[in-house]
Amino acid sequence: MKLTRLSFLSMLLVSAPDILVAQKPEDAPYKNPKLPGEQRVEDLLRRMTPREKAEMLSGSGWMESQPNARLGIPTIRMADGPMGVRNWRGSSAITNAAATSPVLTTAFPAGIGMGASWDEELVRREGQAVAQEVKALGRNMILGPTVNISRQPLWGRNFEGYGEDPYLAARMGVAYIKGVQGENVIPSVKHFAANNQEFERHRIDETIDVRTLHEIYFPAFRAAVQEAGVWSVMNAYNKVNGLWCAENPMLLSETLQKRWGFKGFVISDWGSTYSTAKTVAAGMHLEMPGGEAMRTWFAKPETQKDGNGAGWLTREKVLAAVAAGQLKQEAVDDAARRILRVMFSAGLFDATPASGGEVDTPEQRAVARRAATESIVLLKNEGGALPLGAPKIRSVAVIGPSAAVARTGGGGSSLVRPKYAVTALDGVKETAGSEVRVGYALGVAMQGDEAGQETPRARVMLRNEAVELARKSDAAIVVVGYSYKLESEGFDRPSMDLPAGQDELIEAVAAANKNTIVVIVAGAPVTMTKWIGRVPAVVQAWYGGQEAGHAIGDILFGAQNPSGKLPVTFPKQWPDSPAFGRYPGENLHTAYAEGIYVGYRGFDKRNVEPLFPFGYGLSYTKFDYSGLKITPAKVAAGKQVQVTMQVRNSGSRAGAEIVQLYVHDVKSSVDRPLKELKGFRRVMLNPGEARSVSFTLDHSALSFYSTAKDEWVAEPGAFEVWIGASSRDIRLKGAFELAQ
Ligand code: BGC
């Protein structure tokens, strides 16, 4: 081949980065926003020295990636989430971004409450609102959403995720990510994979079979990659099948990258790394935290005692691993490439950092209020106890440790500090109207916050005061639950029971007033056996963010009609959970022996009656289901099935129904769950109004993960479509056949 002067020169350019370095950076193609992202990434990579590339693999601070002044590579500025932007004070004070004053942002409901809304558009708007606040604060990445499955009710972080069902968690996660990325903010879907307990979260080794991973613990991550094109994934602390998630090729390179086609970067959880070469080679790209913040934190004895690992992907260690032949330069290039790709996608090289915007705008507050309202699940309502209001009642006693304190979220890295928060008591006062007298009594202090009830006598007096108030009132609202100190990242709940004294308070109030309504503020099911039969109404309010009080008031007094449905099964008692006896494991090992039978799949399998089933929630109106049509009756492999039905509001007030579609595989060569959620619609209807609802079922709705074939398989034969108002209130059934 004859080399022209030009081609010789361009060869030189490719093979000699120093020549490019000599070029004026402002002329460089990577600086040109008009060029395709991939071209810019490759151009920039070519200009980077091995040292500069290696430097990209670890953070520069607690929440910052490495900048590069020579090439003008900006810093990714992260913020914790996902239910709003985390306050940078308190336990997170080591954040470089730590302002002298706390960062006050909108507190949205906990993920579990967002899951209970079953409202994808609302979750998208939440993601968008959070991203807008991230930008206004001069950051460009939010560490969320959390899509880990609620395997068992004691997990301290159940409140952060979207519940027990992989399909629902996938829908919610995708919506959140779309909202965030739509604002050019980088999300980080977390924690990959199977972070389902806090107990020994850094050391626990989970044995999980391949089918269970694919059917239960992976789908939300897969959807994040394939449907939302997520820019970043955070790995989990725990080990899966013997290997830490940060150095697990099966999880990272094989599944995430090769199988699902992930193009973004994997970020470590804070302190989840234990090696250099193995970690990078497995497909982990950015280690956090980094720099001085990491060294100071890691030097603390408690950091290491907890089992954290850090400081493995520093420039020096990465370069040394390459020099020693333990790590290929291509793996380092790939990590740098992925980080840069996301930075270009998010416009970090092009836009001037937009900070100083307004945070907690009226629109953001409106999303928080809508979300708090839609998250509430009406669990019990006998004899029309709810809604309350005049002339039925003229006085109401608001009682309990979560009545006059706004418990906006659970504890840990997701805890948001809002500018204001509406308590249940405030909300009730606002909504009850002038004709209803509202009284308040604490009844019992929140465990861990015992002020005023140090002695048994003081405790009795507190309770008596509440009982007395309840006796004098037409109705009593007892607001109970957990606090961020008792339900949190970092540890699990010791049991499903309400904290000390709360069951007794409910029983005492219920004995004094037959119109006792219990409102539960908690991120996971609580045991209700002692009192559920003695109260006419129970409301699950989760941690509802800063607007929770308004939402509670609106629902209790009927200004809003409840529409939330449970994203987790509520067991009668902890031993009924499919994970009971298999958690927390022994000798730092836990076997997920229940396999795919998590949540309602497990309750169905073992025929255990839950207290309230997955997908359950009441309304102040009634909905009729009819007209199920499934076409075609016989579907060819790979083709879609159309399902339609009608839902009608047959009651007297407007309301939303969440119609659920479950698939039942009539005959299968492997054991399959009795039913699996494969579709849902939230339908708003006026009284008397009817709407046609349609669903499309494809291969993925009919398949199981075949370990023999190592892929998703839909076996020919009969399938049933079950349409329900909950997983145990199936109203319509129909069938079709999948042809050979
Ligand atoms: C949590 C992550 C969080 C990170 C940074 C970790 O302990 O598991 O969810 O984003 O800290 O604060």
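This is a predicted model: local features need pLDDT of at least 70, side-chain atom pairs count only at pLDDT 80 or more; totals for chains, interfaces and linings use all residues.

Reader: How is a pocket found, in general?

Author: Rolling a probe the size of a water molecule over the atoms shows where empty space is left. In this structure, the second largest pocket has a volume of about 640 Å³.

Reader: How many residues line the second largest pocket, and which lie nearest its centre?

Author: The lining is made of 26 residues, and those nearest the centre are Tyr167, Arg171, Glu227, Lys678 and Ser700.

Reader: Now the ligand. Which residues come nearest?

Author: There are 14 residues around the ligand, and Asp80, Arg157, His191, Asp269 and Glu489 come nearest. Sorted by class, this shell has five nonpolar, two polar and seven charged residues.

Reader: Which distances should I look at between the ligand and the side chains?

Author: Look at pairs of N or O atoms within 3.5 Å, the cut-off for a polar contact. For arginine 157, a side-chain N or O atom is 2.8 Å from an oxygen atom of the ligand. Tyrosine 237 has a polar side-chain atom that also lies 2.8 Å from an oxygen atom of the ligand. For arginine 201, the distance from a side-chain N or O atom to a ligand oxygen is 3.4 Å. As for cover, the ligand taken alone exposes 310 Å², and the protein buries 94% of that.

Reader: How do I read a helix?

Author: An α-helix has 3.6 residues a turn, so residues three or four places apart point the same way. Take helix α10 (residues 250-259), where the buried residues are Leu251, Leu252, Ser253, Thr255, Leu256 and Gln257. Just after α10, glycine 261 takes a positive phi of about 80 degrees.

Reader: Is isoleucine 339 buried or exposed?

Author: Isoleucine 339 counts as buried because its relative accessibility is 0%, and buried means under 20%. It is found in helix α15 (residues 329-345). From isoleucine 339 to isoleucine 477 there are 138 residues in sequence and 51 Å in space, C-alpha to C-alpha.

Reader: What follows α15?

Author: A loop lies between α15 and α16 (362-375), and glycine 357 is found there. Aspartate 360 lies in the loop between α15 and α16 as well.

Reader: Next, the backbone. Where should I look for cis peptide bonds?

Author: Read the omega angle. A cis peptide bond joins phenylalanine 192 and alanine 193, with omega at about 5 degrees. Alanine 193 is in the loop between β4 (189-192) and β5 (205-207). Another cis peptide bond joins alanine 390 and proline 391, where omega is about 0 degrees. Proline 391 lies in the loop between β10 (377-381) and β11 (395-399).

Reader: Which residues have a positive phi although they are not glycine?

Author: Glutamate 200 is one of them, with a positive phi of about 50 degrees. Its place is in the loop between β4 and β5. Because its relative accessibility is 27%, glutamate 200 counts as partly exposed. Asparagine 241 likewise has a positive phi of about 50 degrees without being a glycine.

Reader: Where does asparagine 241 lie?

Author: Asparagine 241 lies in the loop between β7 (239-240) and β8 (243-244). With a relative accessible area of 37%, asparagine 241 is partly exposed.

Notes
Residues are numbered from 1 along each chain as its sequence is written. Side-chain values use heavy atoms; hydrogens and water are left out. On a 1 Å grid over the protein atoms alone, a cavity is a set of points where a 1.4 Å probe fits but cannot get out, and a pocket is an open set with protein on both sides within 12 Å along at least five of seven lines; lining residues have an atom within 4 Å of a point. Grid points are joined across faces, edges and corners, and a volume is the space filled by probe spheres set on the points. Buried means under 20% relative accessible area, exposed over 50%, partly exposed in between (1.4 Å probe, protein chains only). Helices (H or I, at least four residues) and strands (E, at least two) are DSSP runs, numbered from the N terminus. A residue is near a molecule or strand if one of its heavy atoms lies within 4 Å of it. A polar contact is a pair of N or O atoms within 3.5 Å; within protein, one must be able to donate a hydrogen and the other to accept it, and residues adjacent in sequence count only if both atoms are side-chain atoms. Accessible areas come from the Shrake-Rupley method with a 1.4 Å probe; for residues, only the protein chains shown count as cover. Ala, Val, Leu, Ile, Met, Phe, Trp, Tyr, Cys and Pro count as nonpolar, Asp, Glu, Lys and Arg as charged, and the others, Gly among them, as polar.
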